Amino acid sequence: MLSLHSARHRASREPAAKGSKNTGPRKNAAQRNGAAADSARRDPAAAPRIGLAIAGGGPIGGMYELGALRALDEAIDGLDLTRLDCYVGVSSGAFLAAGLANRMDTAEMCRIFITGDSGDVRFRPETFMRPAFVEYLKRAASFPRLATEWWRELLFSPLEARWSDLITRFGGLIPNGLFDNSEVERFLREVFTRRGRSNDFRELDAKLYVVAVDIDSGDAVRFGDAGWDDVPISKAVQASAALPGLYPPVNIEGRHFVDGALRRTMHASVVLEQGIDLLIGLNPLVPFNHGHGAAVAEDNSLAAGGLPAVLSQTFRTLLQSRMQVGLARYAQQYPDIDQLVFEPNAEDRELFFTNAFSFSARRRICEIAYRNTLADLRARAAQLAPILAAHGLRLRDEVLADPERSILDGLAPPARDSETTARLRRALDDVDRLVARRKA
(Lines give C-alpha, C1' and ligand atoms only; values in the text may rest on other atoms or scores of the structure.)
Protein backbone atom coordinates (compact mmCIF):
# COMPACT_ATOMS: atom_id res chain seq x y z
CA MET A 1 0.00 0.00 0.00
CA LEU A 2 1.47 3.31 -1.10
CA SER A 3 0.75 6.56 0.69
CA LEU A 4 2.03 9.77 -0.80
CA HIS A 5 2.22 13.44 0.02
CA SER A 6 2.94 15.70 -2.93
CA ALA A 7 4.57 19.05 -2.25
CA ARG A 8 1.87 21.72 -2.15
CA HIS A 9 4.30 24.62 -2.52
CA ARG A 10 6.42 23.38 -5.39
CA ALA A 11 6.25 26.86 -6.89
CA SER A 12 8.43 28.06 -4.06
CA ARG A 13 11.27 25.98 -5.51
CA GLU A 14 11.14 27.77 -8.85
CA PRO A 15 13.36 30.84 -9.29
CA ALA A 16 11.44 34.07 -8.77
CA ALA A 17 10.97 36.33 -11.77
CA LYS A 18 13.33 39.25 -11.98
CA GLY A 19 12.21 42.01 -9.67
CA SER A 20 9.47 39.91 -8.10
CA LYS A 21 9.08 39.32 -4.40
CA ASN A 22 9.33 35.78 -3.02
CA THR A 23 6.11 35.09 -1.12
CA GLY A 24 6.78 31.41 -0.40
CA PRO A 25 6.14 29.99 3.08
CA ARG A 26 8.64 30.75 5.83
CA LYS A 27 10.69 27.81 7.05
CA ASN A 28 10.79 26.69 10.65
CA ALA A 29 13.97 25.96 12.59
CA ALA A 30 14.04 22.27 11.68
CA GLN A 31 13.85 23.08 7.98
CA ARG A 32 16.61 25.67 8.32
CA ASN A 33 18.86 23.02 9.90
CA GLY A 34 21.79 22.40 7.59
CA ALA A 35 21.81 25.62 5.60
CA ALA A 36 24.34 24.39 3.06
CA ALA A 37 22.30 21.27 2.23
CA ASP A 38 19.11 23.31 2.05
CA SER A 39 20.73 25.82 -0.28
CA ALA A 40 21.85 23.02 -2.59
CA ARG A 41 18.32 21.64 -2.63
CA ARG A 42 16.85 24.99 -3.59
CA ASP A 43 19.28 25.52 -6.47
CA PRO A 44 17.29 24.84 -9.67
CA ALA A 45 20.48 23.65 -11.40
CA ALA A 46 21.22 21.07 -8.70
CA ALA A 47 20.04 17.48 -8.98
CA PRO A 48 17.11 16.60 -6.72
CA ARG A 49 18.16 15.25 -3.34
CA ILE A 50 16.56 11.96 -2.27
CA GLY A 51 16.47 10.40 1.19
CA LEU A 52 15.53 6.88 2.26
CA ALA A 53 14.02 5.89 5.62
CA ILE A 54 13.66 2.18 6.45
CA ALA A 55 11.78 1.00 9.54
CA GLY A 56 12.32 -2.23 11.47
CA GLY A 57 10.24 -5.38 11.68
CA GLY A 58 12.45 -8.35 12.54
CA PRO A 59 13.94 -10.69 9.91
CA ILE A 60 10.65 -11.02 8.03
CA GLY A 61 10.16 -7.23 8.03
CA GLY A 62 13.67 -6.82 6.65
CA MET A 63 12.97 -9.34 3.89
CA TYR A 64 9.74 -7.52 2.99
CA GLU A 65 11.67 -4.27 2.72
CA LEU A 66 14.31 -5.92 0.53
CA GLY A 67 11.60 -7.11 -1.87
CA ALA A 68 10.05 -3.64 -1.97
CA LEU A 69 13.43 -1.99 -2.56
CA ARG A 70 14.15 -4.41 -5.41
CA ALA A 71 10.83 -3.48 -7.03
CA LEU A 72 11.59 0.25 -6.75
CA ASP A 73 15.07 -0.33 -8.12
CA GLU A 74 13.72 -2.05 -11.23
CA ALA A 75 10.56 -0.01 -11.80
CA ILE A 76 11.83 3.58 -11.41
CA ASP A 77 14.20 4.82 -14.08
CA GLY A 78 16.81 7.24 -12.75
CA LEU A 79 16.62 5.97 -9.16
CA ASP A 80 19.92 4.57 -7.90
CA LEU A 81 19.34 3.36 -4.36
CA THR A 82 23.08 3.13 -3.74
CA ARG A 83 23.61 6.81 -4.63
CA LEU A 84 21.00 8.61 -2.55
CA ASP A 85 21.84 11.66 -0.47
CA CYS A 86 20.79 10.41 2.94
CA TYR A 87 19.79 7.15 4.63
CA VAL A 88 18.28 6.32 8.00
CA GLY A 89 17.70 2.78 9.20
CA VAL A 90 16.04 1.38 12.30
CA SER A 91 16.41 -2.18 13.58
CA SER A 92 16.30 -4.63 10.64
CA GLY A 93 16.00 -1.62 8.32
CA ALA A 94 19.44 -0.53 9.49
CA PHE A 95 20.98 -3.61 7.82
CA LEU A 96 19.57 -2.56 4.46
CA ALA A 97 20.32 1.15 4.86
CA ALA A 98 23.94 0.43 5.81
CA GLY A 99 24.31 -1.92 2.84
CA LEU A 100 22.89 0.56 0.34
CA ALA A 101 25.01 3.40 1.74
CA ASN A 102 28.01 1.10 1.19
CA ARG A 103 26.88 0.71 -2.45
CA MET A 104 25.67 -2.85 -2.14
CA ASP A 105 22.78 -2.82 -4.61
CA THR A 106 19.48 -4.65 -4.21
CA ALA A 107 20.50 -7.35 -6.67
CA GLU A 108 23.54 -8.23 -4.58
CA MET A 109 21.52 -8.24 -1.36
CA CYS A 110 18.97 -10.55 -2.99
CA ARG A 111 21.82 -12.91 -3.86
CA ILE A 112 23.05 -12.78 -0.28
CA PHE A 113 19.76 -13.24 1.55
CA ILE A 114 17.48 -14.93 -0.99
CA THR A 115 19.23 -17.04 -3.62
CA GLY A 116 22.42 -17.64 -1.63
CA ASP A 117 24.65 -17.50 -4.73
CA SER A 118 26.54 -14.32 -3.90
CA GLY A 119 30.18 -14.41 -4.87
CA ASP A 120 30.97 -12.04 -2.00
CA VAL A 121 29.00 -12.83 1.16
CA ARG A 122 27.75 -16.11 2.54
CA PHE A 123 24.70 -15.66 4.77
CA ARG A 124 23.97 -18.21 7.48
CA PRO A 125 20.64 -17.67 9.31
CA GLU A 126 21.94 -19.54 12.35
CA THR A 127 24.38 -16.66 12.87
CA PHE A 128 21.46 -14.48 13.92
CA MET A 129 19.84 -17.11 16.14
CA ARG A 130 22.73 -18.36 18.25
CA PRO A 131 21.72 -18.79 21.94
CA ALA A 132 23.25 -16.25 24.31
CA PHE A 133 25.03 -18.79 26.51
CA VAL A 134 27.24 -16.18 28.17
CA GLU A 135 24.15 -14.19 29.15
CA TYR A 136 22.51 -17.35 30.51
CA LEU A 137 25.54 -18.22 32.64
CA LYS A 138 25.90 -14.69 33.95
CA ARG A 139 22.30 -14.67 35.13
CA ALA A 140 22.49 -18.17 36.58
CA ALA A 141 25.58 -17.24 38.61
CA SER A 142 23.50 -14.81 40.68
CA PHE A 143 20.96 -17.47 41.71
CA PRO A 144 22.73 -18.69 44.89
CA ARG A 145 22.99 -15.16 46.28
CA LEU A 146 19.35 -14.32 45.52
CA ALA A 147 18.13 -17.63 46.95
CA THR A 148 20.15 -17.12 50.15
CA GLU A 149 18.75 -13.62 50.63
CA TRP A 150 15.21 -14.84 50.08
CA TRP A 151 15.45 -17.72 52.58
CA ARG A 152 17.10 -15.47 55.16
CA GLU A 153 14.24 -13.02 54.87
CA LEU A 154 11.67 -15.83 55.01
CA LEU A 155 13.21 -17.30 58.19
CA PHE A 156 13.96 -14.15 60.13
CA SER A 157 11.25 -11.78 58.84
CA PRO A 158 8.38 -14.05 57.80
CA LEU A 159 5.78 -11.31 58.14
CA GLU A 160 7.61 -9.10 55.68
CA ALA A 161 8.34 -11.82 53.13
CA ARG A 162 5.61 -12.22 50.49
CA TRP A 163 5.39 -14.83 47.79
CA SER A 164 4.43 -12.12 45.33
CA ASP A 165 7.91 -10.65 45.80
CA LEU A 166 9.39 -13.73 44.17
CA ILE A 167 8.75 -12.34 40.70
CA THR A 168 10.49 -9.06 41.46
CA ARG A 169 13.36 -10.64 43.38
CA PHE A 170 14.15 -13.41 40.93
CA GLY A 171 13.29 -11.45 37.78
CA GLY A 172 16.97 -10.62 37.48
CA LEU A 173 17.62 -14.27 36.64
CA ILE A 174 15.79 -13.92 33.32
CA PRO A 175 18.28 -13.23 30.50
CA ASN A 176 18.12 -9.86 28.73
CA GLY A 177 17.98 -11.66 25.40
CA LEU A 178 17.57 -15.15 24.04
CA PHE A 179 20.14 -14.83 21.27
CA ASP A 180 23.71 -13.61 21.02
CA ASN A 181 23.98 -10.56 18.78
CA SER A 182 27.77 -10.33 18.92
CA GLU A 183 27.85 -12.65 15.91
CA VAL A 184 25.58 -10.23 14.05
CA GLU A 185 28.13 -7.47 14.60
CA ARG A 186 30.99 -9.73 13.48
CA PHE A 187 29.14 -10.68 10.29
CA LEU A 188 28.52 -7.04 9.39
CA ARG A 189 32.06 -6.01 10.27
CA GLU A 190 33.44 -8.58 7.83
CA VAL A 191 31.07 -7.42 5.08
CA PHE A 192 31.82 -3.71 5.55
CA THR A 193 35.61 -4.00 5.71
CA ARG A 194 36.32 -5.51 2.30
CA ARG A 195 35.89 -4.79 -1.42
CA GLY A 196 36.19 -1.05 -0.95
CA ARG A 197 33.32 -0.80 1.54
CA SER A 198 33.70 0.95 4.88
CA ASN A 199 32.64 0.31 8.46
CA ASP A 200 33.16 4.00 9.24
CA PHE A 201 30.27 6.48 8.94
CA ARG A 202 32.73 9.26 8.12
CA GLU A 203 34.12 7.51 5.04
CA LEU A 204 30.80 6.98 3.24
CA ASP A 205 29.83 9.05 0.21
CA ALA A 206 26.36 9.77 1.66
CA LYS A 207 25.04 10.47 5.13
CA LEU A 208 23.94 7.35 6.98
CA TYR A 209 22.11 7.41 10.30
CA VAL A 210 21.36 4.35 12.42
CA VAL A 211 19.00 4.94 15.35
CA ALA A 212 19.05 3.12 18.69
CA VAL A 213 17.58 3.90 22.13
CA ASP A 214 19.48 4.24 25.39
CA ILE A 215 17.66 1.81 27.69
CA ASP A 216 18.66 3.75 30.83
CA SER A 217 17.28 7.10 29.69
CA GLY A 218 14.88 6.34 26.85
CA ASP A 219 16.74 8.80 24.62
CA ALA A 220 17.16 8.08 20.90
CA VAL A 221 20.73 8.30 19.60
CA ARG A 222 21.56 8.79 15.93
CA PHE A 223 24.76 6.95 15.14
CA GLY A 224 26.44 8.70 12.24
CA ASP A 225 25.59 12.11 13.67
CA ALA A 226 28.24 14.40 15.15
CA GLY A 227 29.65 12.88 18.32
CA TRP A 228 28.50 9.38 17.40
CA ASP A 229 30.05 8.98 13.95
CA ASP A 230 33.18 7.27 15.33
CA VAL A 231 31.14 4.21 16.35
CA PRO A 232 31.60 1.39 13.79
CA ILE A 233 28.59 0.95 11.52
CA SER A 234 28.42 -2.74 12.41
CA LYS A 235 28.20 -1.89 16.12
CA ALA A 236 25.54 0.74 15.51
CA VAL A 237 23.39 -1.71 13.51
CA GLN A 238 23.82 -4.33 16.24
CA ALA A 239 22.52 -1.82 18.79
CA SER A 240 19.63 -0.63 16.62
CA ALA A 241 18.48 -4.23 16.06
CA ALA A 242 18.70 -5.29 19.72
CA LEU A 243 14.99 -6.01 20.17
CA PRO A 244 14.37 -6.42 23.93
CA GLY A 245 13.77 -10.05 24.80
CA LEU A 246 15.30 -11.30 21.58
CA TYR A 247 18.77 -9.75 21.88
CA PRO A 248 20.53 -8.22 24.92
CA PRO A 249 21.28 -4.47 25.03
CA VAL A 250 24.53 -3.44 23.35
CA ASN A 251 27.17 -1.62 25.38
CA ILE A 252 28.65 1.34 23.51
CA GLU A 253 30.85 3.77 25.42
CA GLY A 254 29.33 2.71 28.73
CA ARG A 255 25.72 3.17 27.58
CA HIS A 256 23.34 0.31 26.81
CA PHE A 257 21.31 0.50 23.60
CA VAL A 258 18.28 -1.35 22.28
CA ASP A 259 16.01 -1.30 19.23
CA GLY A 260 15.51 2.20 17.79
CA ALA A 261 11.81 1.53 17.10
CA LEU A 262 11.07 2.04 20.79
CA ARG A 263 10.96 5.79 20.18
CA ARG A 264 9.72 6.11 16.59
CA THR A 265 8.78 3.68 13.87
CA MET A 266 10.74 5.03 10.90
CA HIS A 267 12.59 8.15 12.16
CA ALA A 268 11.84 9.85 8.83
CA SER A 269 12.49 13.27 10.36
CA VAL A 270 16.20 12.42 10.41
CA VAL A 271 16.37 12.60 6.61
CA LEU A 272 13.73 15.30 6.24
CA GLU A 273 16.00 17.63 8.19
CA GLN A 274 18.81 17.14 5.66
CA GLY A 275 17.34 19.40 2.98
CA ILE A 276 16.07 16.65 0.67
CA ASP A 277 13.44 16.99 -2.07
CA LEU A 278 11.99 13.48 -2.00
CA LEU A 279 11.53 11.03 0.87
CA ILE A 280 11.09 7.33 0.18
CA GLY A 281 9.94 5.40 3.25
CA LEU A 282 9.39 1.71 3.96
CA ASN A 283 7.38 0.28 6.86
CA PRO A 284 6.86 -3.51 6.84
CA LEU A 285 4.52 -3.84 9.84
CA VAL A 286 0.84 -2.96 9.49
CA PRO A 287 -2.16 -4.33 11.42
CA PHE A 288 -4.00 -7.18 9.75
CA ASN A 289 -7.48 -6.22 8.52
CA HIS A 290 -9.11 -9.57 9.22
CA GLY A 291 -12.76 -8.66 8.87
CA HIS A 292 -12.49 -5.93 6.19
CA GLY A 293 -14.86 -3.87 8.33
CA ALA A 294 -17.42 -6.67 8.78
CA ALA A 295 -18.29 -8.75 11.83
CA VAL A 296 -16.08 -11.81 12.33
CA ALA A 297 -17.17 -15.05 13.96
CA GLU A 298 -15.70 -15.57 17.42
CA ASP A 299 -13.87 -18.76 16.47
CA ASN A 300 -12.40 -17.02 13.41
CA SER A 301 -11.29 -13.86 15.19
CA LEU A 302 -7.65 -13.01 15.84
CA ALA A 303 -8.50 -13.50 19.52
CA ALA A 304 -8.87 -17.22 18.79
CA GLY A 305 -5.17 -17.25 17.89
CA GLY A 306 -4.26 -16.64 21.50
CA LEU A 307 -1.76 -14.24 23.02
CA PRO A 308 0.78 -14.28 20.14
CA ALA A 309 -1.81 -13.11 17.58
CA VAL A 310 -3.23 -10.47 19.93
CA LEU A 311 0.22 -9.12 20.83
CA SER A 312 1.29 -9.06 17.18
CA GLN A 313 -1.81 -7.12 16.15
CA THR A 314 -1.39 -4.72 19.08
CA PHE A 315 2.27 -4.13 18.32
CA ARG A 316 1.61 -3.53 14.62
CA THR A 317 -1.27 -1.16 15.34
CA LEU A 318 0.81 0.92 17.74
CA LEU A 319 3.74 1.16 15.32
CA GLN A 320 1.64 2.13 12.32
CA SER A 321 -0.56 4.64 14.13
CA ARG A 322 2.51 6.31 15.59
CA MET A 323 4.09 6.50 12.13
CA GLN A 324 0.92 7.91 10.54
CA VAL A 325 0.77 10.66 13.16
CA GLY A 326 4.39 11.51 12.42
CA LEU A 327 3.91 11.57 8.64
CA ALA A 328 0.88 13.83 8.96
CA ARG A 329 2.94 16.21 11.05
CA TYR A 330 5.85 16.08 8.60
CA ALA A 331 3.50 16.97 5.74
CA GLN A 332 2.77 20.24 7.55
CA GLN A 333 6.29 20.81 8.78
CA TYR A 334 7.97 20.07 5.43
CA PRO A 335 5.35 21.09 2.87
CA ASP A 336 7.77 21.26 -0.05
CA ILE A 337 9.14 17.73 0.31
CA ASP A 338 7.43 14.88 -1.52
CA GLN A 339 6.88 11.79 0.60
CA LEU A 340 6.33 8.27 -0.77
CA VAL A 341 5.80 5.60 1.89
CA PHE A 342 5.36 1.94 1.02
CA GLU A 343 3.65 -0.58 3.31
CA PRO A 344 2.20 -4.11 2.95
CA ASN A 345 -1.46 -4.62 2.19
CA ALA A 346 -3.49 -4.87 5.39
CA GLU A 347 -5.41 -7.88 4.01
CA ASP A 348 -2.30 -10.02 3.43
CA ARG A 349 -2.87 -12.98 5.73
CA GLU A 350 0.41 -14.73 4.98
CA LEU A 351 2.49 -11.76 6.07
CA PHE A 352 0.67 -11.48 9.38
CA PHE A 353 0.85 -15.15 10.32
CA THR A 354 4.47 -15.72 9.27
CA ASN A 355 6.80 -15.82 12.26
CA ALA A 356 8.44 -12.40 12.30
CA PHE A 357 11.71 -13.93 13.51
CA SER A 358 11.95 -16.78 11.03
CA PHE A 359 14.34 -16.82 8.08
CA SER A 360 12.84 -19.89 6.40
CA ALA A 361 10.15 -17.92 4.53
CA ARG A 362 12.43 -15.13 3.38
CA ARG A 363 12.20 -15.86 -0.37
CA ARG A 364 8.40 -16.04 -0.29
CA ILE A 365 8.11 -12.81 1.73
CA CYS A 366 10.50 -11.02 -0.64
CA GLU A 367 8.41 -12.15 -3.59
CA ILE A 368 5.19 -10.91 -1.98
CA ALA A 369 6.76 -7.52 -1.25
CA TYR A 370 8.16 -7.26 -4.77
CA ARG A 371 4.83 -7.94 -6.46
CA ASN A 372 2.84 -5.80 -3.99
CA THR A 373 5.13 -2.82 -4.61
CA LEU A 374 4.94 -3.20 -8.38
CA ALA A 375 1.14 -3.43 -8.09
CA ASP A 376 1.07 -0.21 -6.03
CA LEU A 377 3.21 1.59 -8.60
CA ARG A 378 1.02 0.28 -11.41
CA ALA A 379 -2.21 1.34 -9.72
CA ARG A 380 -0.95 4.82 -8.81
CA ALA A 381 1.08 5.45 -11.96
CA ALA A 382 -0.98 8.45 -13.06
CA GLN A 383 -0.47 10.18 -9.69
CA LEU A 384 3.16 9.22 -9.39
CA ALA A 385 4.29 10.24 -12.87
CA PRO A 386 4.35 14.04 -12.30
CA ILE A 387 5.84 13.65 -8.81
CA LEU A 388 8.65 11.45 -10.04
CA ALA A 389 9.21 13.66 -13.09
CA ALA A 390 9.84 16.62 -10.78
CA HIS A 391 12.84 14.70 -9.45
CA GLY A 392 14.16 13.47 -12.79
CA LEU A 393 12.61 10.02 -12.39
CA ARG A 394 10.09 8.01 -14.38
CA LEU A 395 8.28 4.69 -14.16
CA ARG A 396 9.49 1.91 -16.45
CA ASP A 397 6.38 0.79 -18.32
CA GLU A 398 8.04 -2.40 -19.51
CA VAL A 399 8.51 -3.55 -15.89
CA LEU A 400 5.04 -2.55 -14.68
CA ALA A 401 3.35 -4.12 -17.70
CA ASP A 402 4.19 -7.65 -16.55
CA PRO A 403 1.93 -8.67 -13.62
CA GLU A 404 3.68 -12.07 -13.38
CA ARG A 405 7.15 -10.65 -13.07
CA SER A 406 9.23 -12.32 -10.34
CA ILE A 407 11.92 -10.87 -8.12
CA LEU A 408 14.34 -13.37 -9.66
CA ASP A 409 13.69 -12.29 -13.26
CA GLY A 410 15.93 -9.26 -13.18
CA LEU A 411 18.85 -10.86 -11.34
CA ALA A 412 21.91 -11.25 -13.57
CA PRO A 413 24.40 -14.05 -12.86
CA PRO A 414 26.57 -13.13 -9.86
CA ALA A 415 29.96 -11.57 -10.54
CA ARG A 416 32.90 -13.64 -9.35
CA ASP A 417 35.21 -10.73 -8.65
CA SER A 418 38.36 -10.98 -6.61
CA GLU A 419 39.04 -8.42 -3.89
CA THR A 420 41.28 -6.45 -6.26
CA THR A 421 38.82 -6.58 -9.15
CA ALA A 422 35.95 -5.46 -6.91
CA ARG A 423 37.95 -2.47 -5.68
CA LEU A 424 38.92 -1.56 -9.24
CA ARG A 425 35.31 -1.81 -10.41
CA ARG A 426 34.27 0.47 -7.55
CA ALA A 427 36.96 3.02 -8.41
CA LEU A 428 35.95 3.05 -12.09
CA ASP A 429 32.35 3.58 -11.07
CA ASP A 430 33.44 6.62 -9.03
CA VAL A 431 35.31 8.01 -12.03
CA ASP A 432 32.32 7.52 -14.34
CA ARG A 433 30.07 9.29 -11.86
CA LEU A 434 32.49 12.19 -11.46
CA VAL A 435 32.75 12.62 -15.25
CA ALA A 436 28.95 12.54 -15.60
CA ARG A 437 28.57 15.19 -12.90
CA ARG A 438 31.08 17.52 -14.55
CA LYS A 439 29.37 17.13 -17.90
CA ALA A 440 26.05 17.97 -16.30
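Here are legends for several close-up views of this predicted model.

Because the model is predicted, local features need pLDDT of at least 70 and side-chain atom pairs count only at pLDDT 80 or more, while totals for chains, interfaces and linings use all residues. Residues are numbered from 1 along each chain as its sequence is written, and side-chain values use heavy atoms, with hydrogens and water left out.

**View 1. The whole chain, before zooming in.** The chain has 17 helices and eleven strands. Those elements are DSSP runs numbered from the N terminus: helices are H or I with at least four residues, and strands are E with at least two. Of the 440 residues, 50% are buried. Buried means under 20% relative accessible area, exposed means over 50%, and partly exposed is in between (1.4 Å probe, protein chains only). Among contacts in the chain with a separation of 6 or more, 78% come from residues 24 or more positions apart. A contact means heavy atoms within 4.5 Å.

**View 2. Helix α3 against helix α14.** Find α3 at residues 58-75 and α14 at residues 362-379; their axes come within 7 Å and cross at roughly 45°. That makes α3 oblique to α14. The axes are lines fitted to C-alpha atoms, for helices over the stretch in contact, and angles run from 0 to 180 degrees between N-to-C directions. Under 35 degrees counts as roughly parallel, over 145 as roughly antiparallel, 65 to 115 as roughly perpendicular, and the rest as oblique. The crossing of α3 and α14 is right-handed. For handedness, look at how the near helix is turned from the far one: anticlockwise by less than a right angle is left-handed, and clockwise is right-handed. On the α3 side, the contact includes Ile-60, Met-63, Tyr-64 and Leu-66, and on the α14 side it includes Ile-365, Cys-366, Ala-369 and Tyr-370. Sorted by class, this contact has 14 nonpolar, three polar and three charged residues. Here Ala, Val, Leu, Ile, Met, Phe, Trp, Tyr, Cys and Pro count as nonpolar, Asp, Glu, Lys and Arg as charged, and the others, Gly among them, as polar.

**View 3. Helix α14 by itself.** How far apart are the end C-alpha atoms of α14? They are 26 Å apart, which agrees with the 26 Å that its 18 residues should span at 1.5 Å a residue. The expected span is 1.5 Å times one less than the number of residues. Buried residues of α14 include Arg-362, Glu-367, Ile-368, Asp-376 and Leu-377.

**View 4. Helix α3 meets helix α4.** Helix α4 covers residues 92-101, and its axis comes within 8 Å of the α3 axis, crossing at roughly 40°. That makes α3 oblique to α4. This crossing is right-handed. Gly-58, Gly-61, Gly-62, Glu-65, Leu-66 and Leu-69 in α3 meet Ser-92, Gly-93, Leu-96 and Leu-100 in α4. The residues of this contact split into four nonpolar, five polar and one charged.

**View 5. Helix α3 meets helix α5.** The axes of α3 and α5 (residues 106-115) come within 10 Å and cross at roughly 150°. The crossing of α3 and α5 is left-handed. Met-63, Leu-66, Leu-69, Arg-70 and Asp-73 of α3 make the contact with Thr-106, Ala-107, Met-109, Cys-110, Phe-113 and Ile-114 of α5. By class, that gives eight nonpolar, one polar and two charged residues.

**View 6. Two loop residues with positive phi.** Ser-91 sits in the loop between β4 (86-90) and α4. Its phi is positive, about 55°, although Ser-91 is not a glycine. Glu-253 is in the loop between β7 (250-252) and β8 (255-259), and its phi is also a positive value, near 55°. Is each one buried or exposed? Ser-91 is buried, with a relative accessible area of 6%, whereas Glu-253 is exposed, at 53%.

View 7. Arg-194 lies in the loop between α9 (182-191) and β5 (207-214), and at 23% relative accessibility it counts as partly exposed. Not counting residues up to four places away in sequence, Arg-194 touches Asp-120, Val-121, Glu-419 and Arg-423. Ser-418 is in the loop between α16 (397-400) and α17 (419-439), and at 37% relative accessibility Ser-418 is partly exposed. Ser-418 and Arg-195 are 223 residues apart in sequence, yet 8.4 Å apart in space, C-alpha to C-alpha.
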